Amino acid sequence: MAKSCPECLSDVPESAFVCHACGRRIVGKECPECCEVSKEPAKRCAYCGHNFERKEKIANIEPFSAKASLLATLFLRMRLIPQEIFLTPEKIVIQTWGFFWLSRSDEDIPWEKIAGYHYHAGWFWDSLEIQTRG
């Protein structure tokens, strides 16, 4: 009995892991980002570098919010209205209010774009550093 390769549609023996015609892997983990198939024990996608274990880490993020202090906002941003940040399991939201709270800008950053973040509680003000990809 043979199965069909999803790439070139050629017949491949049932025991094969790779298509003999095009070289595409047909048995293993499918990457949720690029849809390519990697070996089953792989921790990262061989094609795009997606971390297969990342979903578990994202699910463990507890919702968190922080608001900048007025003193820090005045010195660092020269504004009277502080920013707020909300961390959820899906994304980070940075909320910035406009002139006299008449407008608001929300910047949504999904966790897929986050390379890392660091939150530090200080004596005078807290700091949050976010590194993004691309």
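View 1. Lys67 stands opposite Glu84, a residue of β6. This is a predicted model, in which local features need pLDDT of at least 70, side-chain atom pairs count only at pLDDT 80 or more, and totals for chains, interfaces and linings use all residues. Residues are numbered from 1 along each chain as its sequence is written, and side-chain values use heavy atoms, with hydrogens and water left out. Strands β5 (residues 64-67) and β6 (residues 84-87) pair antiparallel over four bridges. Pairing requires at least two DSSP bridges between two strands. Strands (E, at least two residues) and helices (H or I, at least four) are DSSP runs, numbered from the N terminus.

**View 2. β6 and β7 form a hairpin.** Three residues lie between the two strands. They run antiparallel, joined by four bridges. Glu84 has Gln95 as its bridge partner in β7. Glu84 also stands opposite Lys67.

**View 3. Ser38 is buried in strand β4.** The strand spans residues 37-38. Ser38 counts as buried because its relative accessibility is 3%. Buried means under 20% relative accessible area, exposed over 50%, and partly exposed in between (1.4 Å probe, protein chains only). Leaving aside residues up to four places away in sequence, Ser38 touches Arg25, Val27, Gly28, Lys29, Arg44, Cys45, Ala46 and Phe52. Contact means heavy atoms within 4.5 Å.

**View 4. Leu9 has a positive phi in an exposed position.** The angle is about 65 degrees, although Leu9 is not a glycine. Leu9 sits in the loop between β1 (2-4) and β2 (11-13). Its relative accessibility is 63%, so Leu9 counts as exposed.

**View 5. Trp101 also has a positive phi.** Here phi is about 60 degrees, and Trp101 is not a glycine. The loop that holds Trp101 runs between β7 (91-97) and β8 (104-110).

View 6. From the N terminus, the order is β-β-β-β-α-β-α-β-β-β-β-β. The C-alpha atoms fill a box of roughly 70 × 30 × 20 Å along the principal axes. The radius of gyration is 23 Å, whereas a compact globule of 134 residues would have one near 14 Å. That radius is taken over C-alpha atoms, and the globule rule is 2.2 Å times the number of residues to the power 0.38. Of the 134 residues, 28% count as buried. Among contacts with a separation of 6 or more, 12% join residues 24 or more positions apart.
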